[in-house]
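Here is a friendly walk through a structure, meant to be read with the coordinates open beside you. Have a look at it first, and then we can go through it piece by piece.

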Amino acid sequence: MKKILAPSILLSMVALLAIPASADDQVIDATLSNNVSMTASPTSSVSGWSLASTGANTTSGGSMTINSNSAYTVTVSGDKTRMSEYETATTSYVTSGRTLTNALSVTASRTGGTAVVPGVGAIAVVGTSNTLATGTGLGTDDYSVTLSQPTAITDESLASGYTYHIVLTYTASSTL
Amino acid sequence: MGPTIPPRSMKGPKRRAGIFAAFIAAGFALGGVGWAQQQECVGLEITPARLEQDLRWSHSYDTVVRNCTDEALRITTAVAGLGHDLDGAPEFLDSSSAEQALRLKGGGAFTLAPGATRRLRATAAIQKPGRSLYAGIVAEFEPLNLPAGTSVDARSRVAGMLLMRGPKPWRETARVVDVGLTPNADGTYTIYAAVEDTGNVHIVPRGTVQVIKDGKVLDTVKLAGGTILPGYKRRLVGLWTPPDGLDGRVTLNADVTDPPATGSAEIDFSRGEAAVPAARITSLVASDAGGAYIEVTLRNIGRIPITPTIEVIVHEDDFERARMLFPQTEPVEPDAIRTVAWEPELADGTYRVTARAVQGEELLDEKVTGLRIGEAPVVPEAGGGMPLWVVALAIVLLIVVLAALMLVLVRKRRSDDEPPPSAQPVRELSRTGAR
């Protein structure tokens with residue numbers, strides 16, 4: 001019995017190993033993973049932004065660079081629809097605090113890059129995830145980001161220690 | 001006949017030199033590609049950015065994040081549900097069903113040194129028959145010790161998306177929910193057909209719109225294709241320049257393929273300008289402020305006053321949990337905005353909030369966002385599945401056991417077939433006789 005069992009085990013293992021080699025053609029499939037990357041430059045937060053009582057109020061929101069080997073989209077969203085009253089000492093929004101009348105706009109303008117087909121910047125009005133830039137990728141696209149917060153005379157000024165505040169989230173992803 | 005020149009061969013030293021040169025060239029080429037990639041990588045990179053997978057109940061794959069900056073980054077990864085707006089812009093939404101279906105091992109919050117990579121093992125599983133999985137892995141990042149802005153605090157994210165069609169049967173169906181056009185500043189019009197994916201897998205439809213006046217085809221506009229997720233709507237768009245001074249009623253006939261669907265609309269023109277209602281939901285915010293709070297802002301982006309109805313629907317997975325209509329009785333003038341707010345009563349959980357502006361049968365705009373009420377549950381890390389070598393070893397052992405069993409059976413059958421012991425002396429005798 002032992003004499004038969006040992007060669008049988010060996011044969012089974014050899015057969016198992018031989019199965020993949022029984023194909024006639026050698027098929028090679030290669031998949032190139034797609035990726036998207038974005039600089040942290042939009043993380044350049046803005047402190048002490050002095051808004052005029054009436055006007056467009058623009059300031060730099062930093063810059064961003066996108067590198068992708070497939071088509072991409074950049075969206076921006078806010079935690080509030082409007083810049084809202086915020087206590088700097090507690091780093092929290094004031095409950096039932098004041099808000100500015102107009103929404104904040106974010107503008108992306110392409111300034112350079114290596115992408116053969118340049119990406120396109122857009123104006124996003126903060127609220128939901130709004131498209132800020134799109135591109136076909138295959139290289140880098142550099143954008144400058146500008147924030148614009150229109151104010152009106154009806155917007156109240158705040159006491160010291162309080163500021164109008166908003167959190168912007170920039171998301172770079174592949175295009176659907 | 002002149003002397004024949006023997007064909008050049010690559011034998012001996014020449015061949016070796018050729019191979020060596022090829023290796024050197026390949027090395028330089030690969031090195032160049034690697035250098036280029038190193039140079040191109042910026043900020044935080046996520047790979048894969050988009051993954052499509054079919055026909056499996058579960059699938060494991062690696063997502064890699066790489067810090068391409070020269071400073072350490074604080075990174076927080078999370079699983080999100082994947083959606084999109086009418087323009088096809090992807091949205092990454094809070095979704096407990098996505099968190100359950102897509103488990104991440106190696107994720108959470110961590111710090112990544114300059115140039116370092118982190119491999120996250122993602123295990124996606126189809127939860128129910130006939131369902132698909134559309135989710136995203138979102139990596140939020142910021143440099144260490146970055147002070148928060150008092151006026152504007154900015155956060156950056158890169159996201160990879162997973163489109164996983166479950167086992168068949170697939171239902172690839174669609175319907176055209178709206179056909180129309182919107183004016184552009186340069187006098188052209190963007191013609192669109194808003195298509196809803198009514199099936200259980202994503203689709204990539206395309207199509208055309210015929211512009212017909214008095215029974216004659218004025219133009220045929222090609223609509224660009226785009227991915228639509230189940231339950232979502234997307235506008236397929238094309239550009240159209242109307243003839244100068246166009247007057248009267250035109251018909252737009254949309255013909256969508258992959259999957260097939262049709263729709264039509266009638267538009268009145270006056271001296272080259274279309275009298276069409278157009279509005280954009282410029283803001284949809286859903287938050288947990290001690291209870292659900294939803295706010296929708298709409299802007300009239302057309303040239304005529306509109307009286308739309310703003311519709312807000314809250315879904316938990318496939319189930320509608322709440323709905324509210326805000327009919328606008330006063331006309332909204334061109335460029336004017338209208339904001340509505342609602343505080344629906346919702347239990348703790350994650351929801352999909354859809355805001356829709358409609359006028360009559362016409363869909364003017366639609367936006368979707370996520371809403372989480374209560375604290376996010378702690379999702380245990382995935383076990384990572386059974387290693388391949390364990391599976392291979394188990395298969396080998398199974399084959400060995402089966403082979404042993406077969407041998408035992410064969411041996412037993414042979415021993416059963418053997419003649420009774422009384423016959424043996426006869427054989428012995430015959431052998432003896434042969435001698």
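## A sheet in chain B

In chain B, four strands form an open sheet in the order S22-S21-S24-S25, with antiparallel pairing. Strands here are DSSP runs of E with at least two residues, helices are runs of H or I with at least four residues, and both are numbered from the N terminus. Two strands pair if DSSP finds at least two bridges between them. Strand S22 (319-327) and strand S25 (362-373) of chain B stand at the edges with a single partner strand each, so one side of each has no neighbour in the sheet. On average, neighbouring strands of this sheet are turned by 15° against each other, direction ignored; the axes behind this angle are lines fitted to C-alpha atoms. Strand S24 (residues 349-359) of chain B pairs with S25(B) in the antiparallel sense over eleven bridges. Within that pairing, B:Val358 has B:Leu363 of S25(B) as its bridge partner.

A word on the source: this is a predicted model, in which local features need pLDDT of at least 70 and side-chain atom pairs count only at pLDDT 80 or more, while totals for chains, interfaces and linings use all residues. Residues are numbered from 1 along each chain as its sequence is written, and chains are lettered from A and ligands numbered from 1 in the order in which they are written.

## Chain B as a whole

The secondary structure of chain B comprises four helices and 25 strands. Of its 435 residues, 36% are buried, meaning that 20 or more other C-beta atoms, placed from the backbone, lie within 10 Å of the residue's own; exposed residues have 12 or fewer, and partly exposed ones fall in between. Among the contacts in chain B with a separation of 6 or more, 66% link residues 24 or more positions apart. A contact means that two C-beta atoms, placed from the backbone, lie within 7 Å.

## Where the chains meet

How many residues does the contact take from each chain? It takes 55 residues from chain B and 56 residues from chain A. On the side of chain B that touches chain A, the largest share, nine residues, comes from strand S10 (residues 152-164) of chain B. That side has 28 nonpolar, 15 polar and twelve charged residues, where Ala, Val, Leu, Ile, Met, Phe, Trp, Tyr, Cys and Pro count as nonpolar, Asp, Glu, Lys and Arg as charged, and the others, Gly among them, as polar.

A:Ala172 has B:Val158 in S10(B) as its bridge partner.

## Backbone details

Most residues other than glycine have a negative phi, and most peptide bonds are trans. The table lists some exceptions.

| Item | Backbone value | Loop |
|---|---|---|
| B:Thr47 and B:Pro48 | cis, omega about 0° | B:Pro48: between S1 (44-47) and S2 (50-53) of chain B |
| B:Lys168 and B:Pro169 | cis, omega about 15° | B:Pro169: between S10 and S11 (174-183) of chain B |
| A:Asn57 | positive phi, about 50° | between S1 (36-38) and S2 (58-68) of chain A |

A:Asn57 is partly exposed, with 18 other C-beta atoms within 10 Å, whereas A:Ser96 is exposed, with 7.

Key
Axes fitted to C-alpha atoms, helices over the stretch in contact; angles between N-to-C directions.
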